[in-house]
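Please read this briefing alongside the sequence and the three-dimensional view.

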Amino acid sequence: MKKQLYYLTITLGLLAKSAYAQQIPGLAASNYGGLYRATENPSAIAGSRFKWQVNIGTIGSSINHRYFVFLGKNSLFYPLLAAHSKDELYGRSRTMGSLTDKDPIYLTSEIRWPSAMFSIGKYQGVAIQFRTRGFVTGNNVPDDIRNLYFKRLDTGMDNVASTDWGKFNLVQQSFSEMSFSYGVQLLDLDAHKLRVGATGKRIFGARIGYLKGSVDNFQVRKVTGSQDESELVLNNFSYETGYSQQNQKMKLGDLFNSDKYAAGWAYDLGVTYELGNYWQNKDEAFDQNPKYILRLAASLTDIGSIKYKTTGSRVIGGQQEQTIIGQKELEIIGNEGADGLMNLYPASSDTTFNSKVKLPQAVHWEADVQLVKGFFVTLSQTKRFKEQSDNILGVAQPNVFTITPRFEDEDSDFAFPISFIQGNKRVAIGALAHFGPIFIGFSNINGLMKSGGARGSMAYVGVSAWKLKGWKKKG
């Protein structure tokens, strides 16, 4: 394996399914993460240990414990399907889990399509990657509203007394991206190494749908004459709902049609510094395992935006003194999103959607300590690059601090990320196993085992192939 290490496979298999913000726990910190580390810090491809690496395919999603009870077709892809399907999305969305407790709601899914990186000599590297990402976010959605969506209105739920609400919003956004990365190692001294990298991204196939609303107060009551049926009553409900493109089946050629789907540009920047030359393997003439004691890294990701100016967009607004929502209406909203809202409620205004929406911009800091050869502890922090503006349509990542003990070598990784997410009361304890071509990871195993609190966990499974740079043994 140390002379020529590569694996091929033809299937991703079944999901038994970064840390947050769509980085893969464990692999985002691994010295053998390659492409998976480069999405967080493009300097990872500079002076890489790989001669080449190919991501054959990776899927990921934020799920809850119900996913394993009601294993539905494509249910983990709800944020991606919302732009192109109305088929049972309400049921599928109920197997998704928010990565943040209480407020805001944060659901995400992604597909990492076949992608590749190549080393150019000893110090340079390039990579081209293809991804499709989807997000569903919400602000100021009360627990009682989330609970009735989760449990349904036709299951004999308890009444909820009149409760004040206020302003709220829900946003679904999905897009694809093609990115090109370049990294170069600028310093290669015995105990000091410095790498930098940059990524340029072309965003395409973007679609957004949203609801901005305000409700004075709400209640949940039994439907007259029924023991099981309940209804949600909204008083003084004002709303604005819109989309950049009506929900329709996906056609590959349409993704590049600017009349139907939006586009944009973005970039990532990264730097990595390694200190020390302590952990050496004297049995290997060319030991490629890391020798450093401390690795420091910083990066900016998704600095850019999407410009929505499509011909098929629509925005309506309206107001009703009292609105009654039953299970039927709840499923229409869940299945059809903004399209369903427009069909259910009258419009006092009707216009088009035109806006520039920021990507989930973030800054990442990392300190990685090698305590003994092959065992590391990583301290990392992901924060929003800039505080969210008044534009609720932009995706803002959760702020998270993570401690990750991990074991790694050239063909396996085992990591246990412990994440502290701003606003969450419970610590998220995850795990990642990478052996040979396959890896599987969860960011919050304890959340999947509990019905309350932070119920969501990022979950990933992927397959890759690679070849390391040459190994030579003494003698």
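## Briefing on the predicted model

Glu110, Arg112, Arg131, Arg133, Glu177, Lys201, Asp268 and Asp302 are linked in a network of salt bridges, a salt bridge being a side-chain nitrogen of Lys or Arg within 4 Å of a carboxyl oxygen of Asp or Glu. This is a predicted model, in which local features need pLDDT of at least 70 and side-chain atom pairs count only at pLDDT 80 or more, while totals for chains, interfaces and linings use all residues. Residues are numbered from 1 along each chain as its sequence is written, and side-chain values use heavy atoms, with hydrogens and water left out.

**The chain as a whole**

- The protein chain contains seven helices and 20 strands, where helices (H or I, at least four residues) and strands (E, at least two) are DSSP runs numbered from the N terminus.
- Of its 475 residues, 57% count as buried; buried means under 20% relative accessible area, exposed over 50%, and partly exposed in between, with a 1.4 Å probe and protein chains only.
- The protein chain exposes about 20400 Å², of which carbon and sulfur atoms supply 57%; accessible areas come from the Shrake-Rupley method with a 1.4 Å probe, and for residues only the protein chains shown count as cover.

**Salt bridges**

- The structure holds 22 salt bridges, and one of them joins arginine 112 to glutamate 110, with the closest N and O atoms 2.9 Å apart; both arginine 112 and glutamate 110 are buried.
- Another salt bridge brings together the side chains of glutamate 177 and arginine 131, at 3.4 Å from N to O. Because glutamate 177 lies in strand S4 and arginine 131 in strand S3, this pair ties together parts that are 46 residues apart in sequence. Glutamate 177 and arginine 131 are both buried.
- The side chains of aspartate 188 and lysine 193 also meet in a salt bridge, at 2.6 Å from N to O. Here aspartate 188 counts as partly exposed at 29% relative accessibility, and lysine 193 is partly exposed as well, with a relative accessible area of 23%.

**Strand S2 and its partners**

- In strand S2 (105-120), 12 of the 16 residues are buried, so this strand is largely enclosed by the rest of the structure.
- Strand S1 (residues 50-63) pairs with S2 in the antiparallel sense over eight bridges, pairing being assigned if DSSP finds at least two bridges between two strands.
- S2 is also joined to strand S3 (residues 124-139) by 14 bridges, and these two strands run antiparallel.
- Serine 109 in S2 stands opposite serine 61, and the bridge partner of serine 109 in S3 is glycine 134.
- S2 and S3 form a hairpin with three residues between them, and glycine 121 in the turn has a positive phi of about 65 degrees.

**Helices H4 and H5**

- Helix H4 (residues 143-151) has Ile145, Arg146, Leu148 and Phe150 as its buried residues.
- These buried residues of H4 pack against helix H3 (89-93), strands S2, S4 (160-188), S5 (192-222) and S6 (230-243), and helix H5 (327-336), contact meaning heavy atoms within 4.5 Å.
- Just after H4, arginine 152 takes a positive phi of about 80 degrees.
- In H5, the buried residues include Gln327, Leu330, Gly334 and Asn335. Seen down the axis of H5, its buried residues fall within an arc of 125 degrees, so they line one face of the helix; the arc is that of the directions from the helix axis to the C-beta atoms.
- The buried residues of H5 pack against helix H2 (78-81), H3, H4 and strand S9 (314-325), and just after H5, glycine 337 takes a positive phi of about 60 degrees.

- Leu379, Phe401, Phe420, Val427 and Ile429 form a nonpolar patch on the surface, with about 390 Å² of accessible area together. Patches are made of residues with over 30% relative accessible area and no salt bridge, like charges being joined within 9 Å and nonpolar side chains (Val, Leu, Ile, Met, Phe, Trp, Tyr) within 5 Å.
- Phenylalanine 420 is found in strand S16 (residues 418-421) and is partly exposed, with a relative accessible area of 39%.
- Phenylalanine 442, in strand S19 (residues 438-442), is buried, with a relative accessible area of 14%. The C-alpha atoms of phenylalanine 442 and isoleucine 63 are separated by 9.7 Å, although these residues are 379 residues apart along the chain.
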